[in-house]
Amino acid sequence: MAPRSAQWYGSDDRDGYIHRAWMRRGLPADAFDGRPHIAIANTASDLTPCNAHLNEVSRSVADGIYQAGGIPLNLPVVSLGETLVRPTAMLWRNMAAMAIEEMIRANPIDGVVLLGGCDKTIPALLMGAASVDLPAVVVPGGPMLTGTFGGVPLGCGTDVWRLSEEVRAGTLSAADFRNSESSMIRSRGHCNTMGTASTMGLLAEVLGMTLPGIAGIPAPDSRLLSSAHATGVLAVSMAHEGRRPSTVLSRASFLNAIVALAAIGGSTNAVVHLLAIAGRLGIPLTQDDFDRVGADVPLLVDLQPAGRFLMEDLFRAGGLHAVLREVADLLDPSALTVTGQPLVSVLAGTEAYDREVIRPRSAPLQPAAGIAVLYGNLAPDGAVIKPAAATPALLTHRGPAVVFDSIEDLHTRLDDPSLPVTPDSVLILRGCGPRGYPGMPEVSNLPLPAKLLAAGVRDMVRICDGRMSGTAYGTVVLHVTPEAALGGPLAKVRTGDIIVLDVPNRRLDVDIPDDELNAREPAPEAVKAFAAPARGWEKLYVDTVGQANTGADLDFLVGGSGDTVSRESH
């Protein structure tokens, strides 16, 4: 069967001439003889610092494609730097996925290698590639090496939150805080904690969408380049054999990812990303699956923010495969990888070399640490919490609400000495959902009031319709749905209302009669702060975005359109 690219290059008419002639800038004539053309979807960007090294990785992928008889083609795609773009990278995850999808479909390619690292890049790449369903394989960019400050290892992200709170508490000088910057980011690569970038890189492999063994290799490690080369070789064989995302990804793949998410102590952001990817393939996956499948899975990886170590330690200790072997009986053996072989087939013979970093199943860091999904009159469509990163004593809690109507309101009043807050209070921030902010930012791990920090308090129950960084920690309820901007109950809560959090029984409620809650109008100051864009991507996003419990994709992007392009360009 002729490759898809032959639809562009295979004819002798005017259109075929144009397609070939403009590509003859170094490509030999036999580049158009039917060999696979493989795009390298490259999210390298100086403004996405965690992905800045992907041009080097791309060269290794290209070498592998050439070696296997294919034609590598660099395809720069939308890149989102979590640390830089405002108001939040999540606002553009769907735009990046849409752009990637359209560029894969529109071009004369037979397969694609997806290069990502920073939080939203791998989810966006997988969403776009799944919608086109051409042969696709991921190369995760890998975590950075461990930095140290004052002789102590620093976890990027996690220690930003920790150190900044110590400055506000007066236990760390502003000068030392500033000096730690150059120590925290030691090398190329994404966050070295189990944040969203590490989580999604590892879960891409659990889903079966990478060369087995590549996920978690540190970015500066030469083995990443050799694995990238091997991925280029693999991409050519995938194109020849027609091994597409739809032949690899199944419901079993996603349920395996949920098991792994709990075992590694992964980011809550994986919930919205996995739901969105599954939605592009029409695979039935719900928010409740995360609780049903993952809640009782033990936490085996002792890694920040839930534990002590960092990603370089996990790789040294045996990596992802050593973790998966511990929970192999919980994995569905029918799930495949891009090699065509079952995921579980690569786990035999793997070994954990450091039992402090990778705990045995018999002695987990926590016995049941998966994502918990809560319901109640404060979250009719659900909310999530990561018990592994929470304070156990706060998982059952009752206390008065202290409500902030917007992020600006929070910044203005949080440290006011007259704020009516105690350690038992429940901090609530609203207007941070997909529509309200817009884009569902990572603000749910609210900083604590300065007067409580000074008194030694380091955690409180916090509730928000937004997200939090996977590097963050604390007793934080997120993704409250419906969000306040959609008329959810969170918009009606008032300071002083009693909030009841009961994670063991999966409940989140405000202790007032439902009739009273339903009769309340949304808080005027909250409504005033909701996003109301007049044009551009923000308007399209706000008008069409779904809620967190379904993956926060745009309603018209759910599903896929395949790889067919029916009309010529000239």
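**Pockets, cavities, strands and helices**

Tutor: Gladly! The lining of the largest pocket divides into 19 nonpolar, eight polar and seven charged residues. Keep in mind that this is a predicted model.

Student: How many residues line the largest pocket, and which lie nearest its centre?

Tutor: There are 34 lining residues, and E82, T83, L84, V160 and W161 lie nearest the centre. The space in this pocket is about 860 Å³.

Student: Which helix gives the most to that lining?

Tutor: Helix α6 does, with four residues. Each of α6 (158-169), α7 (174-179) and α8 (181-184) supplies at least two.

Student: What about the second largest pocket: how much space lies in it?

Tutor: About 540 Å³. It is lined by 21 residues, and closest to its centre are W161, S164, N445, L446 and P447. By kind, the lining has 11 nonpolar, three polar and seven charged residues.

Student: What makes a space a cavity or a pocket?

Tutor: The way out decides: in a cavity a 1.4 Å probe fits but cannot get out, while a pocket is an open set of points. A search of the whole structure for cavities of 30 Å³ or more finds three. The largest cavity holds about 70 Å³ of space, so it passes the 30 Å³ cut-off of that search.

Student: Which residues line the largest cavity?

Tutor: They are I258, L261, A262, G265, G266, F290, G294, A369, G370, I371 and K386. Both α12 and α14 give two or more residues to this lining, and α12 gives the most, with three. The lining is made of six nonpolar, four polar and one charged residue.

Student: Why is L145 called buried?

Tutor: Set the value against the cut-off. Buried means under 20% relative accessible area, and L145 has 18%, so L145 counts as buried. This residue is found in the loop between β4 and β5 (147-149).

Student: What is L145 in contact with, leaving aside its neighbours within four places in sequence?

Tutor: The contacts are R186, S187, R188, N192, P218, P220 and E312. A contact needs heavy atoms within 4.5 Å. In comparison, S131 is 14 residues from L145 along the chain, and their C-alpha atoms are separated by 34 Å.

Student: Why is helix α16 described as largely enclosed?

Tutor: Count the buried residues: seven of the eight in α16 (residues 319-326) are buried, so the helix is largely enclosed by the rest of the structure. The seven are G319, L320, H321, A322, V323, L324 and E326. What covers them includes α9 (196-206), α12 and α15 (311-316).

Student: What makes β4 "mostly covered"?

Tutor: Five of its five residues are buried. A136, V138 and P140 point one way, and V137 and V139 point the other way.

Student: How do you know that β3 and β4 pair?

Tutor: Two strands pair if there are at least two bridges between them. β3 and β4 have five bridges, in the parallel sense, so they meet that cut-off. One of the partners is V138 in β4, which bridges to L114. Likewise, five bridges join β1 (residues 37-42) to β3 (residues 111-116), again running parallel. In that pair, A39 stands opposite V112.

Student: In which order do the strands of this sheet lie?

Tutor: The order is β2-β1-β3-β4, in an open sheet of four strands with parallel pairing.

Student: Why are β2 and β4 called edge strands?

Tutor: Each of β2 (71-76) and β4 (136-140) pairs on one side only. Neighbouring strands of this sheet are turned by 20° against each other on average, direction ignored. Finally, helix α5 (residues 121-132) lies across β1, β3 and β4, running at about 165° to β3.

Definitions and conventions. Residues are numbered from 1 along each chain as its sequence is written. This is a predicted model: local features need pLDDT of at least 70, side-chain atom pairs count only at pLDDT 80 or more; totals for chains, interfaces and linings use all residues. Side-chain values use heavy atoms; hydrogens and water are left out. On a 1 Å grid over the protein atoms alone, a cavity is a set of points where a 1.4 Å probe fits but cannot get out, and a pocket is an open set with protein on both sides within 12 Å along at least five of seven lines; lining residues have an atom within 4 Å of a point. Ala, Val, Leu, Ile, Met, Phe, Trp, Tyr, Cys and Pro count as nonpolar, Asp, Glu, Lys and Arg as charged, and the others, Gly among them, as polar. Axes are lines fitted to C-alpha atoms, for helices over the stretch in contact, and angles run from 0 to 180 degrees between N-to-C directions. Buried means under 20% relative accessible area, exposed over 50%, partly exposed in between (1.4 Å probe, protein chains only).
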